[in-house]
Amino acid sequence: MKKIVKIVLLAFLFSIFATACNANAENEVFDVDFVKNSGELDLEGVEIVYEIGIAPEVLGTPTCLGYDIDTQFGDLAVQRLKDVQQKLNCTLDIKYTDNYYSCRNFVAASASGAFFCDVISGISDMWADVARLGMLVGLSELEEYIDYRNEAKWGYRNMLEVIYYEDDLYGIVPLLWPEISVSFGCPIVVNEDLIATYGHTDPRDYLENGEWTWDKFKEVLELYYVQEGGQTKYYSMTCSPATFGDMFLLSNGSHYAVKNDKGEYEYGFFTPEAIKAMTVGLEIFEGTLAHTFDKTTEPVDALIDGTTVMGSLYSESIIGLNGRISKEMDNFGILSWPTGPDVEPGYKFGFLHNIERCISFSRMSKYPEATAAVISAIYEPFESYDDLDDILELMSHNYFFDPRDSKVFYDMFFAADYTYFHYQLYDQMHYWVTYNKSVTEYVEAYSEIVEESFDEYVLPSMRGIEAVWGE
């Protein structure tokens with residue numbers, strides 16, 4: 001029923017939006033005669049309205065483009081805004097709003113034909129449906145003013161999969177702006193003090209040496225588990241069934257969409273590689289090693305309290321405003337998940353439900369090109385932080401204890417798969433763990449369900465990626 005209501009609502013909004021656009025077609029100005037002197041743009045005083053959705057818990061905190069005021073990057077952001085307005089001869093009106101209301105208000109205004117903003121930043125899956133409604137400008141229309149194909153600056157295609165649609169890309173993320181753009185699951189945090197106490201090999205060494213496999217994972221689960229007086233003193237690992245299911249399913253090279261021998265996309269979590277991962281995963285998580293897992297405690301609490309050797313959790317629990325791990329643990333390490341036999345040693349992967357700072361351009365703007373030029377200038381990398389090596393060094397200094405941690409952390413983020421979180425597909429990534437039947441029975445039960453959603457939601461994204469990249 002929810003799906004039917006959503007489809008009807010989207011169709012209704014689309015009809016309203018299409019009517020509003022036709023009614024305003026004569027007034028729409030899609031091209032601005034910029035003054036160009038010596039290759040420089042002069043936007044002739046145009047005002048750009050930039051709506052930024054932020055998490056409600058930090059709403060009201062003094063911020064500049066997502067950074068706290070009076071911090072290193074807050075100061076850099078303030079100066080950047082001043083420089084861009086002066087250099088391009090424009091004015092920026094920036095509004096900070098609760099993420100949820102920002103999207104809702106944008107859709108409502110656009111559907112009625114009213115101007116809301118020129119550019120908007122928020123959670124990426126919000127803009128997926130908006131792109132389907134035709135409310136966003138495709139990046140291919142703005143490529144003269146913003147180099148959206150620069151993936152190192154604007155986000156890799158796997159990260160932005162949600163915001164590709166049919167024939168274009170409709171959102172970007174400032175990937176080289178430290179801290180604010182990172183949100184993914186689920187690295188393994190290691191309590192290095194417990195490793196040292198018991199004289200174990202640092203598991204980061206296994207990863208570095210290409211030994212971090214399913215078999216080695218089984219070994220350390222046995223090794224790290226400590227029981228005294230019939231009571232568990234230390235668990236080997238703390239993670240929920242959902243986290244284990246999500247990550248283990250990806251550990252043998254699986255992806256949401258893969259091409260078959262006919263060159264056609266198919267659902268990638270029922271392939272032989274995925275079935276192998278699910279089979280071994282059940283043996284580990286629900287079989288003879290089940291007792292080594294704490295499946296109910298919040299991993300952050302277990303790590304800080306010292307009741308687990310390893311815990312798997314979202315990146316925002318490690319760094320940033322809510323990063324309790326980096327704030328409260330004196331010595332921790334970062335691991336990627338162990339890998340299966342069908343991938344190369346050291347294979348990195350992760351998943352993301354959304355990109356927090358996804359930037360999209362409104363179809364109702366009179367100045368989309370000017371807006372694109374402004375956004376491109378704003379999100380140029382900061383001086384001294386203009387490539388990944390600089391950011392890795394910064395992260396090692398500010399958050400981590402070992403340069404290897406920064407590298408693994410970002411490798412996982414850059415390789416993360418989008419989970420189609422609100423498209424009735426995400427749950428299938430981990431239902432196999434709690435289904436209480438064989439993997440074969442699970443696949444048979446869900447094949448028809450996932451195929452329908454796959455065709456409706458995943459394939460349009462795949463077509464969008466191919467349209468942009470020709471692959």
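Mentor: Contact means heavy atoms within 4.5 Å. Helices (H or I, at least four residues) and strands (E, at least two) are DSSP runs, numbered from the N terminus. This is a predicted model, in which local features need pLDDT of at least 70, side-chain atom pairs count only at pLDDT 80 or more, and totals for chains, interfaces and linings use all residues. Residues are numbered from 1 along each chain as its sequence is written, and side-chain values use heavy atoms, with hydrogens and water left out.

Trainee: Which strands and helices do the buried residues of H2 pack against?

Mentor: Buried means under 20% relative accessible area, exposed over 50% and partly exposed in between (1.4 Å probe, protein chains only). In H2 the buried residues are Phe-73, Gly-74, Ala-77, Arg-80, Leu-81, Val-84 and Leu-88. Their packing partners are strand E2 (40-42), strand E4 (63-64), strand E5 (67-68), strand E6 (90-98), helix H13 (368-378) and helix H14 (388-398).

Trainee: Which exposed residues does the face of H2 turned away from its buried side carry?

Mentor: An α-helix has 3.6 residues a turn, so residues three or four places apart point the same way. The face of H2 turned away from its buried side carries the exposed residues Lys-82, Gln-86 and Lys-87.

Trainee: At what angle do the axes of helix H3 (residues 99-111) and helix H4 (residues 124-132) cross?

Mentor: Axes are lines fitted to C-alpha atoms, for helices over the stretch in contact, and angles run from 0 to 180 degrees between N-to-C directions. The axes of H3 and H4 come within 10 Å, and their crossing angle is roughly 10 degrees.

Trainee: Is Asn-436 buried or exposed?

Mentor: Asn-436 lies in the loop between helix H16 (431-434) and helix H17 (439-469), and its phi is positive, about 65 degrees, although it is not a glycine. At 71% relative accessibility, Asn-436 counts as exposed.
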